Amino acid sequence: MAVDLDHLLEPGYLGDLRARSMEEIRRMRAECQEVETGLSLLRRVVQGRLDIVGVELARRAEGGDPADLPALIAALPDVLSDRTGPSGAGRLVQLMAPGEMPGDLEAELDRIVSPGQMADLPSQSEEELRRIGRELAELERRVSAQRQQLFDRIDALQAEITRRYRDGEASVDSLLQ
């Protein structure tokens with residue numbers, strides 16, 4: 001079941017958490033976590049493409065031949081391994097399977113630069129590479145902001161669950177039934 005990102009980001013999505021059932025709050029938290037996982041995957045793909053475009057631009061600025069595809073391919077392991085450390089909020093992964101990337105954002109990524117264009121970067125003009133880089137950077141900023149909004153919702157939902165256990169409104173025994 002695909003969850004609509006726009007729905008999760010609506011200002012009234014959380015509503016009155018105290019009036020919601022524990023089951024509903026857990027469902028909402030799971031929805032937000034699932035979509036956040038998909039956004040995280042999308043963000044990594046955007047960053048990878050942005051890094052590759054940046055390397056191609058830098059290679060050209062250093063006098064590299066734009067048609068030298070083997071040089072670009074040789075640089076990919078270093079480029080793609082540059083982000084080995086975690087970035088962002090450093091949160092514990094809740095879902096081990098990659099989430100589904102939001103379709104409209106994935107389509108936007110492919111509109112900016114498709115996998116086919118990525119394979120053919122040396123044939124792109126410098127102006128086109130700069131356009132791709134600008135648009136990828138803007139998409140990465142938007143996706144990061146949406147992830148932060150989801151983190152805020154997840155935190156609010158988790159805080160309500162924690163409050164209920166702390167205040168005795170919910171018990172661990174109810175989980176075992």
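Trainee: What should I know about the model before I start?

Mentor: It is a predicted model, in which local features need pLDDT of at least 70 and side-chain atom pairs count only at pLDDT 80 or more, while totals for chains, interfaces and linings use all residues. Residues are numbered from 1 along each chain as its sequence is written, and side-chain values use heavy atoms, with hydrogens and water left out.

Trainee: How many helices and strands does the protein have?

Mentor: Helices (H or I, at least four residues) and strands (E, at least two) are DSSP runs, numbered from the N terminus. Here there are seven helices and zero strands, so the order from the N terminus is written α-α-α-α-α-α-α.

Trainee: What share of the residues counts as buried?

Mentor: Buried means under 20% relative accessible area, exposed over 50%, and partly exposed in between, with a 1.4 Å probe and protein chains only. By that rule 38% of the 177 residues are buried. The accessible surface, from the Shrake-Rupley method with a 1.4 Å probe, is about 10300 Å², and 53% of that belongs to carbon and sulfur atoms.

Trainee: Is Ile-73 buried or partly exposed?

Mentor: Ile-73 has a relative accessible area of 48%, so it is partly exposed. It is found in helix α3, residues 69-81. The C-alpha atom of Ile-73 is 10.0 Å from that of Glu-56, 17 residues apart along the chain.

Trainee: Why does Gln-146 count as buried?

Mentor: Gln-146 counts as buried because its relative accessible area is 16%. Its place is in helix α6.

Trainee: Which residues does Gln-146 contact, leaving aside neighbours within four places in sequence?

Mentor: Contact means heavy atoms within 4.5 Å. On that basis Gln-146 touches Leu-5, Leu-9, Leu-39 and Leu-105. For the protein, among contacts between residues at least 6 apart in sequence, 82% join residues at least 24 apart.

Trainee: How do I read the angle between two helices?

Mentor: Axes are lines fitted to C-alpha atoms, for helices over the stretch in contact, and angles run from 0 to 180 degrees between N-to-C directions. Under 35 degrees counts as roughly parallel, over 145 as roughly antiparallel, 65 to 115 as roughly perpendicular and the rest as oblique. Take helix α2 (residues 22-61) and helix α6 (residues 126-166): their axes come within 8 Å and cross at roughly 155°. Therefore α2 is roughly antiparallel to α6. Their contact has 23 nonpolar, seven polar and 14 charged residues.

Trainee: What do those classes include?

Mentor: Ala, Val, Leu, Ile, Met, Phe, Trp, Tyr, Cys and Pro count as nonpolar, Asp, Glu, Lys and Arg as charged, and the others, Gly among them, as polar.

Trainee: At what angle do α4 and α6 cross?

Mentor: The axes of helix α4 (residues 103-112) and α6 cross at roughly 165° and come within 10 Å. That makes α4 roughly antiparallel to α6. Among the residues of α4 that meet α6 are Leu-105 and Leu-109, and the α6 side includes Leu-139 and Gln-146. This contact has seven nonpolar, one polar and five charged residues.

Trainee: And how are α2 and α4 placed?

Mentor: Their axes come within 11 Å and cross at roughly 5°, so α2 and α4 are roughly parallel to each other. Leu-39, Leu-42, Val-45, Val-46 and Arg-49 of α2 make the contact with Leu-105, Glu-106, Leu-109 and Asp-110 of α4. These residues divide into six nonpolar, no polar and three charged.
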